[in-house]
Amino acid sequence: MSATGIGARVERKEDRRFLTGAGQYTDDVLLPGQTYAYFLRSPHAHAKIKTINSAAAKAAPGVLAVFTGEDIAGKVNGLPCGWLITDVNGQPMKEPPHPVLAQGKVRHVGDQVALVVAETYFQARDAAELIEVDYEVLPAVVKASDADKPGQPAVHDIAPDNVSYVWALGDKAGTDAAFAKAAHVTRLDFHNNRLIPNAIEPRAANASYNRADESYTLYVANQNPHVERLLMTAFVLGLPEHKVRVIAPDVGGGFGSKIFLYAEDAALTWASRQLCRPIKWTADRTEAFLTDAHGRDHTTTAELALDQDGHFLAMRVKTRANLGAYLSTFASSVPTILYATLLAGQYKTPFIHCEVTSVFTNTAPVDAYRGAGRPEATYVVERLVSTAARELGIDQAEIRRRNFVTQFPYQTPVALMYDTGDYNAIMNKALQMADVAGYAQRKTATQAKGLLRGIGYSSYIEACGLAPSNIAGALGARAGLFEAGEIRVHPTGSVTVFTGSHSHGQGHETSFAQVVSDRLGIPIENVDVVHGDTGRVPFGMGTYGSRSLSVGGSAIIKALDKIIAKGKKIAAHLLEASDADIVFKNGAFSIEGTDKNVPFGGVAFAAYVPHNYPLDKLEPGLNENAFYDPTNFTFPAGTYICEIEIDPQTGQTRIDRFTAVDDFGNIVNPMLVEGQVHGGLAQGIGQALLEECRYDPESGQLLSASYSDYAMPRADDLPSFQIGTTCTPCTHNPLGVKGCGEAGAIGSPPAVINAIVDALAAYGVRDVPMPATPQRVWQAIQNAKA
Amino acid sequence: MLNFNYHRPQSLAEAASLLGAKAEGKALAGGQTLVAALKLRLAGPTDLVDLAGVGGLKGISREGNNIKIGAMTTHAEVAASSEVKSAIPALAALAGEIGDRQVRNRGTLGGSIANNDPAADYPGAVLGLGATVHTNKRSIAADDFFTGLFGTALGAGEIITAVSFPVPKRAAYVKFKNQASRFALVGIFVAETAAGPRVAVTGAGQSGVFRVAAMETALAKDFSPAAVTGVKVAAQNLNSDLHATADYRAALISVLAGRAVNQARGG
Amino acid sequence: MSTRISMTVNGKAVSAEVEERTLLAAFLREHLRLTGTHVGCDTGHCGACTVLLDGKAVKSCNMLAAQAQGANVTTIEGLAAADGEMHPMQVAFKASHGLQCGFCTPGMVLSAVELAGKLKNPSEAQIREALDGNYCRCTGYHNIVKAVQTGLANMG
């Protein structure tokens, strides 16, 4: 392994610009003639718009335009949903319109009502206060559990019972039969708390129109600019795709929330042509809370059937998912395809059945947030498993071992085929790193302080590397899920890599450069990675679902293979040998078994200065494209062990130790992988202990609408983490990689809650809802005492 | 933020006259609460009178048995002051727990108590130590200063200049933080003063900071944790909100009071 | 309505006529085009906008530009040496992988730099507590804590 090659802890190429203030985020972009937008938003969860009077706003200083739903009607279509779910009766999901500016009705607090454009931000915002909207406030449906009860208001006319679809996966009859003969059934009811993504960079967009060539440019804080462009041009604005360039420059975190096509992006793009001026909008944090797609919000009843020895016989899961007021871009896939398929976990449970009812409510749209369906599934599985172990008196590690899948490939009863894994190896390493052997002693020491100690396990699996396009298509995806890459070798041998993956913190400029430098044997300094610009990158599906290296990296490998293959032909000519005798190693093409060689740079030069070149057989130049469509998902897995201390008088929980052992397959840059795990853990622990999106159940007002009321994990809420890895390389992609971006957020919440429940077991506490705030832990103890 | 006129007076008299003249004017100290409120358009004063240029409002000094702290003294300055740390360590510790480090570099004593946020820390110390609030017009005893939620005895054009904190025999502040805002979910300031024990509770009361007479009586007999942990504060006057129920706050008050007494005793 | 402000930013005297309601962060970003100072929230919590004001870490989105009248302001653009050599804290963040998306980074680094004068050989717990005014959503703080420890040690 070289100091910068695959497997090396290479410091990031992108860091210097971020550390010196030279990063270019969307809000940093200032265009000639820049104007500023402000969106007037609904103060009500549900209301009819009777009239809008924007005359005063239009006359206000600096105001260039005010657009309302009426102005765009018939010109701008609604936002599309990218995944069609077919319900249990074979019917398509209810897919109501998702207007870019409200059309006669608002459906959640923060729904966009009008767009004000002015010379300055303050002018736009001040003018927005002059817009008079006459609302007829309607009763709101806020809680998913109420949504389809008789008498509830309908969020959309086309879904009078507020149900978008009822969907199911698995063998119901087989599952019921297995339950009928079970020696033990463990049942839990829980709510997977709704979260607000909170990338620290708020969403932002800056749209402009060029009259000279009738083209548009949209700078936007987004994770997948090509998908943004495709959805916006083809579905919303009806523009020719080649006339729109979408640039996602430096993006300050995404976590899923910047995958989606949002109304603001489309509204600004459309309006930029009306005004022939660039228009910039940057969300403030309040808008981010109100309008970024939220995450999770599942209410679930789950049952696990076991035999007398703790072998899992079947699992039965009923989930109600809150979609919010509209179907966001991938909302429908999250509580279905990305959720129920993961319910096998690491276990060979023979029968699983899951039914999901997804409902509309008068709340912000809910969509993918770090993990997207997989954290919810893992929470179901790992809470059930831990509870069953406790009920049957089986050790937590032992019950998992008894049920681990050990033969691969393994076909689960919920549609996935695990290609490889070694769950016992992960468990062994986790037990050792977590010093589980020393737990009893630590518990005694904790008790001596008057505190409670608990230990919690979670053995998760996830499906990453979305996805074989044909399978995704059969499941309802309305897009392909391949990735594209281009390797452009310059005449002097340096390389620019164009990737359809997008980095918003992941460090692709470094890890992808490592891969290329490693394969071509050239210094990493000679490799630059370009991403996030539809004007420069051939195509791309973007970054989400921990897919960048496994799918995007594979596309790059394919392109590199083409480069090397062509390079061999050029080298064969230069060395006067046959193509078949040329080998490429350590940055040089040589005749096998001889020391006759030509370095990579020499081949590149020859390709662009083809004086001595087989022009009769080969085109000049050295520039290759590749598209890679995966043949399967990848299946990272891990075991997390959490130890906590609880102050029983206050209910305060402190994480004392957190160990995460993951199998991500091969690793390109361990330092970056550790960073991904750390960040995921923080978000998972945040979900378990701190974070909760709360709406007033009557009015639909967002109560946790600022950092004063939404608890974000701070440095002193978290411990340092112990991180370890094991490795079974992925069997079906060239790098043998699996993906690491979401693991931490998927595996950690049940580990934390299992630890809390373990600590409170002496009180007979069986469950503590997330987030397990001091109040809730204290309350659980009080309830148990009462 | 709506726009406003910005004034930077050089003297207290000038500041007072500006504030007196502008019905919708507001004094600006460190601005750590006020500027955020302006941004969210929760406040919209026509005039802001920045006190940063007014001389004589900063500094910490010992005056007899009092520590006198200028109104524009920042939380960071109080937390780091050797004078405060040696005379009333509980006060320095309280100042060091307000908000976060950046907020402590800007936020001021005067700004905090003039705002009298029910979850702020300083009101706990002012009431818990029986401090005296000095203004450009008069001196106000702590017991008379706080008049309910965000309410104070300050009149129009009245500006806090300093607060005198009597040095107690011993004192402690124990804060249970709101996980989101890091304001006090419940904060207990316990002091044994020359005039007897005082117990002030911030973060919990529907009308802001308050004293717990039953705890004070118990501590007068026996300054020990056991004296207060058994004293229950009725939940009906306490806040229930997104973060904590009144019952929970009531339970915390008893627990934290015991811990504060323990700390004050050097435990 | 406007007011005249002058201050020193990264060693240079600057002066401008601005609307009274102009925040220091907006003044830095929009008037001086020093876009390394980021704005992440509107309630003064996240700390992405942290700059040094007369050497003290403050949240530039939570004060008016007018309040910085006459002050000496250091933004992230002013931290590296004139020849481009990064400050020890910047070096430590890079070496420890203390940043991912980079958005919170300028505020985090400047906040950490201020600590040098406040804490000598701080423990991990002290560093974690001292970073309570800076949110990071990417790193889980693990490597930030390591970076701050290293950076403070190397600042001497």
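The radius of gyration used here is taken over C-alpha atoms, and the globule rule that goes with it is 2.2 Å times the number of residues to the power 0.38. The structure is a predicted model, in which local features need pLDDT of at least 70 and side-chain atom pairs count only at pLDDT 80 or more, while totals for chains, interfaces and linings use all residues. Residues are numbered from 1 along each chain as its sequence is written, and chains are lettered from A and ligands numbered from 1 in the order in which they are written.

**Exercise 1. Describe the overall build of chain A, and state how its radius of gyration stands against that of a compact globule.**

Step 1: Begin with the secondary structure, where helices (H or I, at least four residues) and strands (E, at least two) are DSSP runs numbered from the N terminus. Chain A has 19 helices and 28 strands.

Step 2: Turn to the dimensions. Along the principal axes, the C-alpha atoms of chain A fill a box of roughly 90 × 70 × 50 Å. A compact globule of 786 residues would have a radius of gyration near 28 Å, and the 27 Å of chain A agrees with this.

Step 3: Consider burial, for which a residue is buried if 20 or more other C-beta atoms lie within 10 Å of its own, exposed if 12 or fewer, and partly exposed in between, with C-beta atoms placed from the backbone. Of the 786 residues in chain A, 61% are buried.

Step 4: Finish with contacts, where two residues are in contact if their C-beta atoms, placed from the backbone, lie within 7 Å. Among the contacts in chain A with a separation of 6 or more, 80% are between residues 24 or more positions apart.

**Exercise 2. Show how the buried residues of helix 10 of chain B are arranged around the helix axis.**

Step 1: In helix 10 (residues 213-221) of chain B, the buried residues are B:M215, B:A218 and B:L219.

Step 2: Seen down the axis, the buried residues of helix 10 of chain B fall within an arc of 100°, so they line one face of the helix. This arc is that of the directions from the helix axis to the C-beta atoms.

Step 3: The face of helix 10 turned away from the buried side carries the exposed residues B:A213, B:A220 and B:K221, whereas the buried residues pack against strand 11 (196-202), helix 11 (225-229) and helix 12 (246-264) of chain B.

**Exercise 3. Characterise the side of chain A that touches chain C.**

Step 1: In this contact, 43 residues of chain A meet 45 residues of chain C.

Step 2: Helix 1 (15-19), helix 8 (285-291) and helix 17 (670-689) of chain A each supply at least two residues of this side, and the largest share, seven residues, comes from helix 17.

Step 3: Count Ala, Val, Leu, Ile, Met, Phe, Trp, Tyr, Cys and Pro as nonpolar, Asp, Glu, Lys and Arg as charged, and the others, Gly among them, as polar. The residues of the side of chain A that touches chain C then divide into 18 nonpolar, 15 polar and 10 charged.
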